[in-house]
Amino acid sequence: MSTNSHAAHAEDHHHEGGHAHGTFSSYMLGFVLSVVLTAIPFWLVMSGALPSKQVTALVIMAFAVVQIVVHMIYFLHMNATSENGWTMMALIFTIVMVVIALSGSLWVMSHLNTNMMPMHQMSGMK
Amino acid sequence: MTVAVNPSQTGEPVFYLADEHPHPEGWSTSLGFWIYLMSDCLIFAILFATFGVLGGNYAAGPAPKDLFDLDLVAVNTSMLLLSSITYGFAMLTMQQNKVAQTQVWLAITGLFGLAFIGIELTEFAHMIHEGATPQRSAFLSAFFTLVGTHGLHVSCGLIWLVTLMVQVGKFGLIEANRRRLMCLSMFWHFLDVVWIGVFTFVYLLGVLR
């Protein structure tokens, strides 16, 4: 009965598989990956396992990016075909905007900082 | 979307309806909700950028190292992660039309979410008690805005969750409720994705600084 109604329901959504559903194993795989990808950065920072702070920073940022991708695939069920690819298009557009906003802000403001900071020192030198 | 077409009335063919066909109710909801989430993502991007710019301006006040307790943040992160997987189980049981089990998983998700908010509010209260208020420095203003906005989203998600539990209790797993549960699922997992950014860039990198 439930499979019949499911088939009818799938036909109702005549766009290709509107929203992909996960399975128990895909959710569990995503969860285990997330736990590992969360635990390692916390351990790296709390134990100070890597001698260089900069290397640690880069490594935990890399873990964050990988974990975001894992969440996108296993929890948000992102794929290139859902909603005829429009969710992917919206995502790509958003990523472009986020990258511009983040890198632009940080870049401009750090330049502003380095260029403005010496001003009071210079006025003191007069 | 149904428009009465009567070409015989004017005698001229109507072209603009050629591609129109009736859509079932809610057929575009998941795409629309996804676009809402993407716009929400931009809000968080701007708050992250603000934190990135101001995060180092302590105004001779407390620095992340003095304030953040990573053990607590780890517990908090696991609460949100566990709530994500339990929501996933709620979706799986929903697909199998098991109303009672879906309700149980939703309730467990809500408890984990409540624990997350509780721990976060405790942390905020502790910081404010120590004098690390949003007014203290630019770093703390940016911190409270970013983490507070995320917390506000989770709180709204909890209200939504309770509302849907009442809906499911009253009407069962009807098509509309399935659609709503799917939207909340996207919202909830999206908040977990934002939290990955928060614990990495605010807490871990803050303590590293």
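Begin by selecting helix H2 of chain A, residues 24-47, together with helix H4 of chain B, residues 70-95, which pack at an angle of about 175° with their axes 10 Å apart; helices here are DSSP runs of H or I with at least four residues, numbered from the N terminus, and the axes are lines fitted to C-alpha atoms over the stretch in contact, with angles running from 0 to 180 degrees between N-to-C directions. H2(A) and H4(B) are therefore roughly antiparallel to each other, a term that applies to angles over 145 degrees.

This is a predicted model, in which local features need pLDDT of at least 70 and side-chain atom pairs count only at pLDDT 80 or more, while totals for chains, interfaces and linings use all residues. Residues are numbered from 1 along each chain as its sequence is written, and chains are lettered from A in the order in which they are written.

Next, show the side chains where the two helices meet: in H2(A) they include A:Phe24, A:Phe31, A:Thr38 and A:Phe42, and in H4(B) they include B:Leu70, B:Thr77, B:Gly88 and B:Leu92, with contact meaning C-beta atoms, placed from the backbone, within 7 Å. The residues of this contact divide into 12 nonpolar, 4 polar and no charged.

Finally, colour chain B by burial, where buried residues make up 36% of the 209 residues, a residue being buried if 20 or more other C-beta atoms, placed from the backbone, lie within 10 Å of its own.

Conventions:
Angles under 35 degrees count as roughly parallel, over 145 as roughly antiparallel, 65 to 115 as roughly perpendicular and the rest as oblique. Ala, Val, Leu, Ile, Met, Phe, Trp, Tyr, Cys and Pro count as nonpolar, Asp, Glu, Lys and Arg as charged, and the others, Gly among them, as polar. A residue is buried if 20 or more other C-beta atoms lie within 10 Å of its own, exposed if 12 or fewer, and partly exposed in between; C-beta atoms are placed from the backbone.
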